[in-house]
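Subject: Handover of a structure

Dear colleague,

Please find the structure below, handed over for your use. My findings follow directly after it.

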Amino acid sequence: MPVATLRSVVLDCPDPLSLATFYAGILGGSPQVSSDSEEGDSWVTLSGHDGTQLAFQEVTGYVAPRWPEEEGGQQFHLDLTVDDLDRGEEQVLALGAKLLDAGGPDRDFRVYADPVGHPFCLCVDR
């Protein structure tokens, strides 16, 4: 029997609303700024999309992960499924992502960084 269920994945960042808007462009949904006066606009959730909730919290002095370096590396990454890698790449680049690793023509995923440096992969299920 499990101890818990996964509530959300939280990404540290310098501007939660901006990063939530980026991911809304990929996953759908809309950013919801916390109404909790203690958190103010330093906490934003992405709601109205399929899948696990994403949340974004402001961190003063945020330092982006470095991929694929060992020291200060990625810490974690998101795998996002698309139907077409080329089309998905076009869309995430237009939203502000940066291509980190395209791999070969037969590979079923590509690695990107979001606007503040978190690595994520676009993957196709074959």
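Arg 107 is partly exposed, with a relative accessible area of 21%; buried here means under 20% relative accessible area, exposed over 50%, and partly exposed in between (1.4 Å probe, protein chains only). Arg 107 forms a salt bridge with Asp 101, the closest N and O atoms being 3.4 Å apart. A salt bridge is defined as a side-chain nitrogen of Lys or Arg within 4 Å of a carboxyl oxygen of Asp or Glu. Asp 101 is also partly exposed, at 25% relative accessible area.

Please note that this is a predicted model, in which local features need pLDDT of at least 70 and side-chain atom pairs count only at pLDDT 80 or more, while totals for chains, interfaces and linings use all residues. Residues are numbered from 1 along each chain as its sequence is written, and side-chain values use heavy atoms, with hydrogens and water left out.

Salt bridges

The count of salt bridges comes to four. One of them joins the side chains of Arg 110 and Asp 86, at 2.8 Å from N to O. Since Arg 110 belongs to strand E7 (residues 109-113) and Asp 86 to helix H2 (residues 85-95), this pair ties together parts that are 24 residues apart in sequence. Helices (H or I, at least four residues) and strands (E, at least two) are DSSP runs, numbered from the N terminus. Arg 110 is buried, with a relative accessible area of 15%, whereas Asp 86 counts as exposed at 54%.

Arg 110 also meets the side chain of Glu 89 in a salt bridge, at 3.3 Å from N to O. This second pair again links distant parts of the chain, with Arg 110 in strand E7 and Glu 89 in helix H2, 21 residues apart. Glu 89 is buried, with a relative accessible area of 17%.

Helix H2

Which residues of H2 are buried? They are Leu 85, Gly 88, Glu 89 and Val 92. Seen down the axis of H2, these buried residues fall within an arc of 100°, so they line one face of the helix; the arc is that of the directions from the helix axis to the C-beta atoms. An α-helix has 3.6 residues a turn, so residues three or four places apart point the same way. The face of H2 turned away from the buried side carries the exposed residues Asp 86 and Ala 94. The cover over the buried residues of H2 includes helix H1 (16-27), strand E6 (98-101), E7 and strand E8 (119-123).

Just after H2, Gly 96 takes a positive phi of about 120°.

Strand E1 (residues 8-13) and E4 run parallel and are joined by six bridges; two strands pair if DSSP finds at least two bridges between them. Asp 12 stands opposite Gln 57 in E4. E3 and E4 run antiparallel, joined by four bridges, and Leu 46 has Leu 54 in E4 as its bridge partner. The hairpin of E3 and E4 has five residues between the strands, and Gly 48 in this hairpin takes a positive phi near 85°.

Thr 45 lies in strand E3 (residues 43-47) and is buried, with a relative accessible area of 16%. Leaving aside neighbours within four places in sequence, Thr 45 is in contact (heavy atoms within 4.5 Å) with Ser 30, Pro 31, Gln 32, Gln 53, Leu 54 and Ala 55.

A cis peptide bond

The peptide bond from Trp 67 to Pro 68 is cis, with omega near 10°. Pro 68 is found in the loop between strand E4 (53-58) and strand E5 (78-81). Most residues other than glycine have a negative phi, and most peptide bonds are trans.

Cysteines

How many disulfides does the structure hold? The number is zero, a disulfide being a pair of cysteine sulfur atoms within 2.5 Å. For Cys 13, the nearest cysteine sulfur is that of Cys 121, 19 Å away. Cys 13 counts as buried at 0% relative accessibility. For Cys 121, which is in no disulfide either, the nearest cysteine sulfur is that of Cys 123, 5.2 Å away. Cys 121 counts as buried at 8% relative accessibility.

Yours sincerely
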